[in-house]
Amino acid sequence: MVSGLTHAGLAEETWQQANGYRFRELSVNPQGHTGFSLVAPGQSGIDFTNVLSDEKAAENQIRLNGSGVALGDVDGDGWCDLYFCGLEGNNALYRNLGGWRFTNVTAGAGVACAGQFSTGATFADIDGDGDLDLLVNGIGVGTRLFLNDGHGVFSEMVNSGLSRRYGATTSTLADIDGDGDLDLYVANYRTTTIRTTGMALLNVGGRRMIRPQDREDLELMPDGRVLEHGEPHRLYRNLGGGKFAELPWTEGAFLDEDGNPLARPPHDWGLSAMFRDLNGDGAPDLYVCNDFHSPDRIWLNDGHGKFRAIPPLALRNTTTFSMAVDVADLNRDGLDDIFVADMLSLRHSRRMMQLAATDPYLSKPGVFEDRSQYARNTMHLNRGDGTYAEIAHYACSEASNGHGP
């Protein structure tokens with residue numbers, strides 16, 4: 001938070017201290033209109049377009065997820081620079097000149113990432129030298145690390161220890177073990193999908209079976225449907241100097257709700273992830289948004305970089321198609337609340353089409369630890385005892401803003 005800010009209708013106000021945090025009232029200028037004003041490309045100098053042709057989308061439907069943007073001051077001049085990820089074209093870095101004017105410096109910065117379908121990017125000081133380095137995710141290329149020389153020129157760390165496999169989507173960083181550097185979690189989606197490639201099944205004695213090489217990715221359900229799984233995510237400990245070591249899922253870094261080590265890595269359709277101290281113990285916990293049937297994962301950190309799944313009754317339900325998560329104290333009680341975004345439309349006709357394509361959740365008598373999924377936004381209000389009340393309907397936040405799908 002900042003004090004003394006008097007720009008754009010935000011007047012100087014006195015900070016009010018509460019238990020563990022502070023706040024102040026906003027003084028909004030009653031004159032004029034609220035909201036944003038479009039800065040045209042001719043004025044800003046930003047002419048980046050993320051292109052995906054019908055032909056390339058048909059080759060691999062995973063590409064339809066699109067790409068992200070990273071913001072940060074890469075050259076230390078005090079202005080926030082912009083980095084755009086692209087699919088068929090190169091990525092682009094725009095240096096902020098001030099006055100809403102930017103210039104494309106990609107060629108000299110060394111971060112074009114040509115020849116890959118880029119999905120997401122994150123600026124962070126990976127090597128602890130005081131400037132912002134760059135992580136770039138892509139479909140089938142995993143995660144790439146580019147170290148900053150302090151002046152906005154980057155060089156790729158080819159021996160970083162980061163996986164160059166899978167369809168990486170989101171990177172989130174925090175010091176999970178208290179050693180002073182930023183550790184990394186990478187959410188993976190998929191590199192390809194049977195919706196595009198098709199699949200082959202075995203016929204053994206008149207019974208359909210999944211081929212041995214596909215059994216990590218596909219599952220044959222009792223009703224005959226084939227369920228496609230996502231890819232395992234990655235957690236890395238920062239070793240310093242731009243190098244990371246992967247922490248295995250099954251050797252104690254992750255524990256289930258009962259405190260037992262996981263038997264196998266989850267294969268989730270990961271879209272987004274966020275580190276945040278959810279339970280107020282000073283250690284960064286982890287919320288992972290997963291698409292489709294993959295449940296959202298909420299991992300509580302013990303302060304030493306080991307994560308345990310949140311108790312079954314802490315959250316009673318989550319979002320089905322979890323796109324993104326944000327955490328903030330909504331009601332100023334000093335406790336962080338959780339919002340997760342889905343794709344449910346405000347338009348009734350479109351909403352009926354969306355719900356018709358979703359299997360309804362059927363509650364079973366006596367079952368209360370199943371953490372059901374609903375195809376809408378969810379808002380989890382922190383009760384302060386380690387549990388959350390899901391209040392999206394009460395807060396009128398269960399649908400999108402009406403301009404989405």
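Strands β9 (142–148), β12 (183–188) and β17 (234–240) each contribute at least two residues to the lining of the largest cavity; strands here are DSSP runs of E with at least two residues, helices are runs of H or I with at least four, and both are numbered from the N terminus. The model is a predicted one, in which local features need pLDDT of at least 70 and side-chain atom pairs count only at pLDDT 80 or more, while totals for chains, interfaces and linings use all residues. Residues are numbered from 1 along each chain as its sequence is written, and side-chain values use heavy atoms, with hydrogens and water left out.

The lining of this largest cavity is made up of G142, T143, S163, R165, A168, V186, N188, R234 and Y236. On a 1 Å grid over the protein atoms alone, a cavity is a set of points where a 1.4 Å probe fits but cannot get out, a pocket is an open set with protein on both sides within 12 Å along at least five of seven lines, and lining residues have an atom within 4 Å of a point. The space inside the largest cavity is about 40 Å³, a volume being the space filled by probe spheres set on grid points that are joined across faces, edges and corners. Across the whole structure, the search finds one cavity of 30 Å³ or more. Its lining comprises three nonpolar, four polar and two charged residues, where Ala, Val, Leu, Ile, Met, Phe, Trp, Tyr, Cys and Pro count as nonpolar, Asp, Glu, Lys and Arg as charged, and the others, Gly among them, as polar.

The second largest pocket holds about 290 Å³ of space. It is lined by 17 residues, of which E257, P295, D296, R297 and R371 are the closest to its centre. Strand β22 (297–301) gives the most to this lining, with three residues. Eight of the lining residues are nonpolar, two polar and seven charged.

The loop between β21 (285–290) and β22 also holds S294. This serine is buried (under 20% relative accessible area; exposed is over 50%, partly exposed in between, with a 1.4 Å probe and protein chains only), because its relative accessible area is 2%. Beyond neighbours within four places in sequence, S294 is in contact with H267, D268, W269 and Q373, contact meaning heavy atoms within 4.5 Å. F292 lies in this loop between β21 and β22 as well, and has a positive phi of about 55° although it is not a glycine. At 26% relative accessibility, F292 is partly exposed. C113 likewise is not a glycine and has a positive phi of about 55°; C113 sits in the loop between α3 (106–109) and β7 (118–124), and is buried at 6% relative accessible area.

The largest nonpolar core has 17 residues, of which Y185, L235, F254, F275, L286, W299 and F307 touch the most other members. Such a core is a set of buried Ala, Val, Leu, Ile, Met, Phe, Trp, Tyr and Cys residues joined through side-chain atoms within 4.5 Å. Two or more residues each come from β12, α5 (249–253), β20 (270–276), β21 and β23 (307–309).

Finally, strands β13 (residues 201–204) and β14 (residues 207–210) run antiparallel and are joined by four bridges, pairing being assigned if DSSP finds at least two bridges. V204 has R207 as its bridge partner in β14.
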